Amino acid sequence: MSSPITELCDALDTVFQQDPRGTAVPGLLDAYTSAHSDWEFCRHFIEGQYTRNLVRHTENYEMMVLCWGRGQESPVHSHMGQRCWMSVLEGTVEEVHFRRQEEGLGPLIEGSSRNFNKGQTAFINDDIALHLMRGAGGEAAASLHVYSKPFAACLTYDCDTGVESAIPLTYHSVEGVVSGV
């Protein structure tokens with residue numbers, strides 16, 4: 001018997017085969033995150049860092065549950081030229097946009113921030129902004145992320161200097177099984 005999260009993954013398989021831009025992704029994520037909780041097998045929180053929990057990885061996309069403990073946030077980062085959709089599973093997630101100085105180095109320029117509640121979906125790519133994500137108000141949250149195409153490393157940015165660093169991306173769990181990271 002198929003579960004709602006498996007059905008979502010199957011629908012994403014079809015979407016990205018038919019439309020590499022993923023036009024239908026926001027509607028699929030909105031419908032899933034507003035009505036289902038079978039993602040909780042990937043609900044892993046640990047002290048000191050947010051977790052990246054892989055649900056499915058294909059050549060066209062990867063889908064993860066990210067869990068944000070109290071006060072945890074991502075570094076300011078890029079998406080390596082790829083598209084990213086995020087939909088909130090529980091709590092409220094804050095996204096803060098940044099841009100680099102026109103001359104390159106120097107402090108990042110903070111832009112707009114926005115809070116997303118359960119069932120709301122956001123989209124970003126590198127043409128829009130760099131960003132960081134966190135549980136809003138320092139509270140715990142969980143969000144579902146779809147990246148098309150998958151990438152194994154991303155660029156992070158020091159807010160004070162604008163210096164970028166490439167970091168490898170890892171998973172805390174794969175299909176619910178903690179990987180020992």
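# Buried residues and a pocket

Trainee: Does Gly-69 count as buried or exposed?
Mentor: In this predicted model, the relative accessibility of Gly-69 is 10%. The cut-off for a buried residue is under 20%. Gly-69 falls under that cut-off, so it counts as buried.

Trainee: Which residues is Gly-69 in contact with, leaving aside its neighbours within four places in sequence?
Mentor: Gly-69 sits in the loop between S2 and strand S3 (76-77). With those neighbours set aside, its contacts are Phe-45, Glu-139 and Ala-140.

Trainee: How many Å apart in space are Gly-69 and Ala-142, C-alpha to C-alpha?
Mentor: In sequence, 73 residues separate Gly-69 and Ala-142. In space, the C-alpha to C-alpha distance between Gly-69 and Ala-142 is 8.6 Å.

Trainee: What is the relative accessible area of Ala-142?
Mentor: Ala-142 belongs to strand S9. Not counting residues up to four places away in sequence, Ala-142 touches a set of residues that includes Trp-39, Leu-66, Trp-68, Val-88 and Val-93. Ala-142 is buried, and its relative accessible area is 0%.

Trainee: Which residue's side chain makes a polar contact with the side chain of Asn-60?
Mentor: Asn-60 lies in the loop between strand S1 (51-57) and strand S2 (62-68). At a relative accessible area of 17%, Asn-60 is buried. Leaving aside neighbours within four places in sequence, its contacts include Phe-16, Gln-17 and Tyr-147. The polar contact, at 3.1 Å, joins the side chain of Asn-60 to that of Lys-149.

Trainee: Within what arc do the buried residues of H2 fall, seen down its axis?
Mentor: In helix H2 (residues 25-35), the buried residues are Val-25, Leu-29, Tyr-32 and Thr-33. They line one face of the helix, because the arc that holds them is 90 degrees.

Trainee: What covers the buried residues of H2?
Mentor: The cover includes one helix and several strands. Among them are helix H1 (4-18), strand S4 (83-90), strand S7 (121-124) and S9.

Trainee: What volume does the largest pocket have?
Mentor: Rolling a probe the size of a water molecule over the atoms shows where empty space is left. For the largest pocket, the volume is about 370 Å³.

Trainee: How many charged residues are in the lining of the largest pocket?
Mentor: The lining has 26 residues, and Tyr-50, Arg-52, Pro-75, Ile-167 and Leu-169 lie nearest the centre of the pocket. Elements that give two or more residues to this lining include S1, S2 and strand S8 (130-135). By class, the lining has 14 nonpolar and 10 polar residues, and the number of charged residues is two.

Definitions and conventions: Residues are numbered from 1 along each chain as its sequence is written. This is a predicted model: local features need pLDDT of at least 70, side-chain atom pairs count only at pLDDT 80 or more; totals for chains, interfaces and linings use all residues. Side-chain values use heavy atoms; hydrogens and water are left out. Helices (H or I, at least four residues) and strands (E, at least two) are DSSP runs, numbered from the N terminus. Buried means under 20% relative accessible area, exposed over 50%, partly exposed in between (1.4 Å probe, protein chains only). A polar contact is a pair of N or O atoms within 3.5 Å; within protein, one must be able to donate a hydrogen and the other to accept it, and residues adjacent in sequence count only if both atoms are side-chain atoms. Contact means heavy atoms within 4.5 Å. On a 1 Å grid over the protein atoms alone, a cavity is a set of points where a 1.4 Å probe fits but cannot get out, and a pocket is an open set with protein on both sides within 12 Å along at least five of seven lines; lining residues have an atom within 4 Å of a point. Grid points are joined across faces, edges and corners, and a volume is the space filled by probe spheres set on the points. Ala, Val, Leu, Ile, Met, Phe, Trp, Tyr, Cys and Pro count as nonpolar, Asp, Glu, Lys and Arg as charged, and the others, Gly among them, as polar. The arc is that of the directions from the helix axis to the C-beta atoms.
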